[in-house]
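Dear colleague,

I am handing over the structure we spoke about, with the sequence alongside. My notes follow below it, and I would be glad if you read them with the model open.

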Amino acid sequence: MHGLPPYDLFLKQVSGFLGTYYLLLAVMNAVAAFLLWRGERQRELCRVPIVDFPVTPALVWLLVSGFFLLISPLAYSGDEQWMALISLPGSVRSGINWMMNPTAYTLGSLALVAAAFLARRFLVKPWVAWSMLNLSMLLMGMSMTDQNFANIVTKPDNVPIVGLIFLLGFFTWLATYQAVQNDDRAKQGLEPLEKLDSEKVLVWPDLVYTELICMVALTAVLLLWAIALQAPLEEPASAVKTPNPSKAPWYFLGLQEMLVYYDPWMAGVVLPSVIVAGLMAIPYIDFNKQGNGYYTIDQRKFAYIMFQFGFLVLWITLIVMGTFLRGPNWNFFGPFEYWDAHKVEALNNVDLSEYFWVTALQSSRPRAPEGSGELMKFGWALLREIPGIVLVIGYFAMVPPLLVVSSKFFQGLFIRMGFIRYMVLTNLLLMMMLLPIKMLARWTVNLKYFVALPEYLLNF
Amino acid sequence: MADILAAARASKGSSPPAAAAKPAAPAKPPAEKPAAKPAAAEKPVAKPAAKSAESGSAAPKDTASILAAARKGAKPGPVSKAEAAALAKPSEPAGKKKIAVPPMPAKPDYARPERSTVAADTSTRRSFMAIAAGALFGSSMAIGFSSLAATHLMWLLGLARFMFPNILIEPPTRFKVGFPDALSPGQVETKFIAQFGVWIVRYEFEGQPMIYALKSVCTHLGCTPNWLEAEQKFKCPCHGSGFYKDGVNFEGPAPRPLERYAISVADDGQLMVDKSRTFQEEMGQWRDSASFVSV
């Protein structure tokens, strides 16, 4: 990452791609406009006052297409002054960099998911979704003239992740769209859309033909991909030199982010196992018979919110963060920030026992006297970590009954599920919440571990 | 095609080898009787058709509609388990018939288990070897399993031997790293990282100036941290753990300080690092005099 090429040279390199990118956006919108125009339903938004010309959605998207068509040659020019017009202003970029840190990013993504859930009836409208797609594509194009952003986004490793973001957005939108439709139908007493289309199809030829077509298309895409994006070659492997930053494969970046907050055995063994076991336990925990075989949100709100939180907030956004925002020394970098290996971030972390004994009680941490036996040492270590141990045990043992007492909803769950199933469910949820709790504790009070027993390789 | 068919029909029985003649077969003189039957059979079929025609709409004659009509009775496509069960139910008889099993005939003498007439006390110490040999090699099966076990045993022994190679091509665990004077106070020597994975540091710990050898393995997940001269700290690229110059962890997830290797002054006055012994701070082992060299 030493030294970026001169800016004008970089603009020349990126201009060809950007011009084509905007051209494709123009074509995409033109096709949408054409399809709308050909469609039967012509909705009139308003009329142009003087010439009395109807403004239809098709016309709007045609105008958008024209806009992209206009800025495409600006991008093709590769000229610094022209391209400044289609770049994010420097002040905006530095503002975003300044605002971005792990806290803002995680809380922001949580707020986004929550907002998308609350405003889902608005967001599932096709024109809203299409506008958001256009806006995000435009924002991305305008960011591409930033050298640091382009450097990271166009790395062959990271290109698929960019595609993944858009793909995930699309599928989330599609599922929500169908769910909202089904919920509306349920309110009118109609059966879900999936039930209408219940005719069975034959394996041969219907399924096998589809599979064949998918296979051919996928192979073609993979071939093109392999030709267009060279596999990244790194320096020869060495046991004593770790690349900086050292990143896991993209699908494990959520785990790697988890490792920043937890001990390896916890974040690398226990929590992943709990994720897998918890997913396997869902059929035994779930007693809600609704929503079987069709999309719905209203009929299984709890399950929906829990899954979206665990998947989108605790997995996908962490992958995106690990891919684009984690730089050398695993420091956090804004999207337009130079990956400086010497960036200094104060991350002095303190264990809970130190907070308890030293800060709160104004004494020193209990320590085994010199020359005491192994068992005595263990006892003293336990005494040292007693606040954390009490906290953790209390968290898992006390929160479930407290939830029953305090919340009507959990009361209902307890009655429906019985003691064991209820405890399994709540403990799985509490396990899931461990990560955000630890993140929050790390950001606010620089907490390192609740229970720190490094002598026995046990940290929590 | 139609012409050929017509020609074939016209020639009737005179051209038996033609495949096209087959549909014309019912018209043959000897086959007149069976030909009449299908006509009779057609009558009841024709009745409902006529009925449906009477009821208003004429029965459709195109292929698709005929197929659809044919499919109406039986559901198209594969049948699921539940459907199959629903279909099967009505055909089941109301009262299950119990299958009467005839009593088994008494066993003949030759099939009865043989009473062991041999007394148990015949097995003596003398016959032990014979019995053992019989168990191991008495039959082809025993020989096969015995040789399999023997092969496995030899393989395991070979594997155990493999774990102790005659020659180990790896850097020695004890090596010299130069004279103590070569290190200036506060210096972190990084040139031994590539070969030995160790930093030689001349610094102080708990107020005592000393030289020590830090193991370059992060105590979090085992990556190799980098020494950042400008920030005066070791920083791990994997999860951002940071260590002071004396090896004590202070940032990121690393739960404990870096480990020390044993270090001593050799006979020729050079520093000697011994990688076979490590010292952990949290175990109180850094007070061990083998873990540092005072300066």
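**Helix packing in chain A**

In this predicted model, helix α18 (residues 408–417) of chain A and helix α19 (residues 419–445) of chain A have axes that come within 7 Å and cross at roughly 135 degrees. That angle makes α18(A) oblique to α19(A), and the crossing in which α18(A) passes α19(A) is right-handed. On the α18(A) side the contact is made by Leu413(A), Phe414(A) and Met417(A), and on the α19(A) side by Arg421(A), Tyr422(A) and Leu425(A). Sorted by class, the contact of α18(A) with α19(A) has five nonpolar residues, no polar residues and one charged residue.

Helix α19(A) also meets helix α17 (residues 386–406) of chain A, and here the two axes come within 10 Å and cross at roughly 115 degrees. The crossing of α17(A) and α19(A) is right-handed. From α17(A) the contact takes in Tyr395(A), Phe396(A), Val399(A), Pro400(A) and Leu403(A), while α19(A) brings Tyr422(A), Met423(A), Thr426(A), Asn427(A) and Leu430(A). By class, this contact of α17(A) with α19(A) has eight nonpolar, two polar and no charged residues.

Elsewhere in the chain, the axes of helix α5 (residues 102–118) of chain A and helix α14 (residues 301–325) of chain A come within 10 Å and cross at roughly 140 degrees. The two helices, α5(A) and α14(A), are therefore oblique to each other, and their crossing is right-handed. In α5(A), the residues Tyr105(A), Thr106(A), Ser109(A), Leu110(A), Val113(A) and Phe117(A) meet Ile305(A), Gln308(A), Leu312(A), Val313(A), Thr317(A), Met321(A) and Leu325(A) in α14(A). By class, the contact of α5(A) with α14(A) has nine nonpolar, four polar and no charged residues.

**Domains and the contact between chains**

The domain assignment divides chain A into domain 1 (1–86), domain 2 (90–193 + 243–282 + 291–345) and domain 3 (352–459). Between domain 1 of chain A and domain 3 of chain A, the C-alpha centres lie 55 Å apart.

Where chain A meets chain B, 31 residues of chain A are in contact with 29 residues of chain B. The largest share of the side of chain A that touches chain B comes from helix α12 (residues 253–261) of chain A, with four residues. By class, that side of chain A has 17 nonpolar, 10 polar and four charged residues.

**Strands in chain B**

Chain B holds an open sheet of four strands in the order β5-β6-β7-β8, with antiparallel pairing. Its edge strands are β5 (226–228) and β8 (249–251) of chain B, each of which pairs on one side only. Strand β7 (residues 242–243) of chain B is joined to β8(B) by two bridges, and the two strands run antiparallel; within this pair, Phe243(B) has Asn249(B) of β8(B) as its bridge partner.

A further set of pairings involves strand β9 (residues 260–265) of chain B, which two bridges join in antiparallel fashion to strand β4 (residues 208–215) of chain B. Leu214(B) stands opposite Arg260(B) in β9(B), and Arg260(B) also has a bridge partner in β10(B), namely Phe279(B). The pairing of β9(B) with strand β10 (residues 271–279) of chain B is antiparallel and runs over six bridges. Five residues lie between the strands in this hairpin of β9(B) and β10(B), in which Gly269(B) takes a positive phi near 90 degrees.

**Backbone points to check**

Most residues other than glycine have a negative phi, and most peptide bonds are trans. Against that background, the peptide bond from Trp204(A) to Pro205(A) is cis, with omega near 10 degrees, and Pro205(A) lies in helix α11 (residues 203–228) of chain A. A cis peptide bond also joins Asn244(A) and Pro245(A), with omega about -5 degrees, and Pro245(A) is placed in the loop between α11 and α12 of chain A. Lastly, Asn329(A), a residue other than glycine, has a positive phi near 60 degrees, and its place is in the loop between α14 and α15 (352–360) of chain A.

With best wishes

How values were computed:
Residues numbered from 1 in each chain as written. Chains lettered and ligands numbered in written order. Predicted model: local features only at pLDDT ≥ 70, side-chain atom pairs only at ≥ 80, totals over all residues. Domains from an automatic or database assignment. Contact = placed C-beta atoms within 7 Å. Nonpolar A, V, L, I, M, F, W, Y, C, P; charged D, E, K, R; others polar. Pairing = 2+ DSSP bridges. Axes fitted to C-alpha atoms, helices over the stretch in contact; angles between N-to-C directions. Parallel < 35°, antiparallel > 145°, perpendicular 65-115°, else oblique. Left-handed = near helix turned anticlockwise from the far one by under 90°.
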